[in-house]
Amino acid sequence: MADIKVSIASPIIEDEEINAVIEVMKSGMIAQGPKVIEFEEKFAEYVGAKYGIATNSGTSALHVALLAAGIGEGDEVITTPFTFAATGNSVLYTGAKPVFVDIDPETFTIDPSKIEEAITDKTKAIMPVQLYGQAADMEPIMKIAKEHDLIVIEDAAQAHGATYKGDKVGVLGDMACFSFYPTKNMTTSEGGMITTNNKEFAENAKVFRAHGSAVKYHHDVLGYNFRMTDIGAAIGIEQLKKIDSFNDKRIANAAYLNEGLADVEGVETPIVKDDYKHVYHQYTIKIANGKRDQFLDYLLENGIGTGVYYPIPLYKQVLYTKMGYDQSLPVTEEIVDEVLSLPVHPNLSKEDLDLIIKVIKEASEKF
């Protein structure tokens with residue numbers, strides 16, 4: 001494999017973030033403290049929510065949100081199998097069971113028309129994933145949830161700043177969970193955030209995040225140490241000031257790629273539905289005719305970082321097959337063999353984008 005000339009991801013850490021960390025280090029308060037509170041308030045305000053609860057990862061945010069909603073042993077949570085493992089695993093952590101339904105072939109997000117048939121008397125929640133930076137179709141999901149008295153928890157790990165019909169991801173369900181892993185649209189190095197307008201859920205989440213304790217040394221429930229540090233929060237506060245400019249660059253890069261790849265045979269560029277703002281955590285194309293892996297290899301041979309997110313549906317992972325999962329969802333199984341993500345991050349130059357387009361065109365002609 002050639003040396004990578006164009007990386008698939010490139011976190012942007014500048015003087016503002018570095019100086020903010022130094023300030024925290026000098027303060028002596030490097031664990032959870034005032035910076036975490038400030039970050040929670042500012043991030044909640046950014047998405048339009050009343051409450052923000054910071055955690056040490058996006059995965060722990062999902063885990064805590066489920067616990068805060070009362071999800072536990074014997075319950076079922078409907079979600080998508082076309083996602084990172086944390087989505088399904090967070091449900092397992094609570095003792096509940098993830099129930100997988102198929103996806104929309106255009107947006108790759110959960111198909112609302114498949115949800116109702118998966119509801120049982122054990123179903124307590126729906127967890128749509130706002131995949132690659134685009135929201136799921138939340139209006140019918142929320143309608144179904146209301147009719148069946150279900151809680152909706154957005155897995156918004158990849159969708160900071162995305163919108164759906166005028167509202168930001170983060171306030172579309174009862175709770176939402178974000179990740180600040182270094183490859184995400186904004187980072188705290190590692191970290192997560194729950195947003196909600198529900199005071200009870202917010203208070204519950206803070207208890208589960210901190211050893212099950214609302215009052216120091218009083219432990220009413222089994223909790224965890226899922227707290228964010230002031231070091232991470234200081235980075236997050238500075239990144240939050242830049243998230244819209246980061247997203248604008250991603251959107252511009254995606255538009256440039258769309259134009260350059262519009263007529264390339266065997267390549268389908270991302271579909272963005274009306275009234276949605278896609279923030280392109282990933283720019284994901286579809287490659288037809290079973291040629292995806294050949295395209296992937298050719299890109300890597302030519303120094304372009306690329307990835308397949310995600311090659312195996314969760315229900316086919318060994319963890320799940322050992323638990324007895326045995327299903328086949330046709331759209332998911334078609335999509336996992338077609339998707340290919342290309343660099344779209346804000347650090348790309350026009351030359352980088354032109355190289356990506358050139359190599360994709362060569363691959364199309366070759367294969």
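Me: Before we start, what does it take for a charge to sit over a ring?

Reply: A charge sits over a ring if NZ of Lys or CZ of Arg is within 6 Å of the ring centre and within 35 degrees of the ring normal. In this predicted model, the charged end of Lys97 sits over the ring of Tyr325, 5.9 Å from its centre. Lys168 gives another case, lying over the face of Tyr46 at 4.3 Å from the ring centre.

Me: Thanks! How should I read the sheet, and in what order do its strands come?

Reply: Strands of a sheet pair through backbone hydrogen bonds, either parallel or antiparallel. Here seven strands form an open sheet with mixed pairing, and the order is β1-β9-β8-β5-β4-β2-β3. The edges are β1 (51–55) and β3 (97–100); each has a single partner strand, so one side of each is left without a neighbour in the sheet. On average, neighbouring strands of this sheet are turned by 25° against each other, ignoring direction.

Me: In which sense do β2 and β3 pair?

Reply: Strand β2 (residues 76–79) pairs with β3 in the parallel sense, over four bridges. Within this pair, Glu76 stands opposite Lys97 in β3. That is the Lys97 whose charged end sits over the ring of Tyr325.

Me: Which strands does helix α2 lie across?

Reply: Helix α2 (residues 34–47) lies across β1, β8 (175–179) and β9 (192–196), and runs at about 130° to β1. Helix α5 (residues 138–148) also packs on the sheet, where it touches β4 (123–127) and β5 (151–155).

Me: What should I look for in the backbone angles?

Reply: Most residues other than glycine have a negative phi, and most peptide bonds are trans. Tyr132, in the loop between β4 and α5, has a positive phi near 65°. Asp149 has a positive phi too, about 55°, and its place is in the loop between α5 and β5. As for the peptide bonds, a cis one joins Tyr309 and Tyr310, with omega about 20°.

Me: Are Tyr132 and Asp149 buried or exposed?

Reply: Buried means under 20% relative accessible area, and exposed means over 50%. Tyr132, at 3%, therefore counts as buried, whereas Asp149, at 71%, counts as exposed.

Me: And how many aromatic pairs are there?

Reply: The structure holds 20 of them. One of these joins Phe82 and Tyr310 edge-to-face, 6.3 Å centre to centre with 80° between the planes. This pair links distant parts of the chain, 228 residues apart. Ring pairs also link Phe82, Phe84, Phe108, Tyr132, Tyr309 and Tyr310 into a cluster.

How values were computed:
Residues are numbered from 1 along each chain as its sequence is written. This is a predicted model: local features need pLDDT of at least 70, side-chain atom pairs count only at pLDDT 80 or more; totals for chains, interfaces and linings use all residues. Side-chain values use heavy atoms; hydrogens and water are left out. Two strands pair if DSSP finds at least two bridges between them. Helices (H or I, at least four residues) and strands (E, at least two) are DSSP runs, numbered from the N terminus. Axes are lines fitted to C-alpha atoms, for helices over the stretch in contact, and angles run from 0 to 180 degrees between N-to-C directions. Contact means heavy atoms within 4.5 Å. Buried means under 20% relative accessible area, exposed over 50%, partly exposed in between (1.4 Å probe, protein chains only). Rings of Phe, Tyr and Trp (its six-membered ring) pair if their centres lie within 6.5 Å; planes under 30 degrees apart count as stacked, over 60 as edge-to-face and the rest as tilted.
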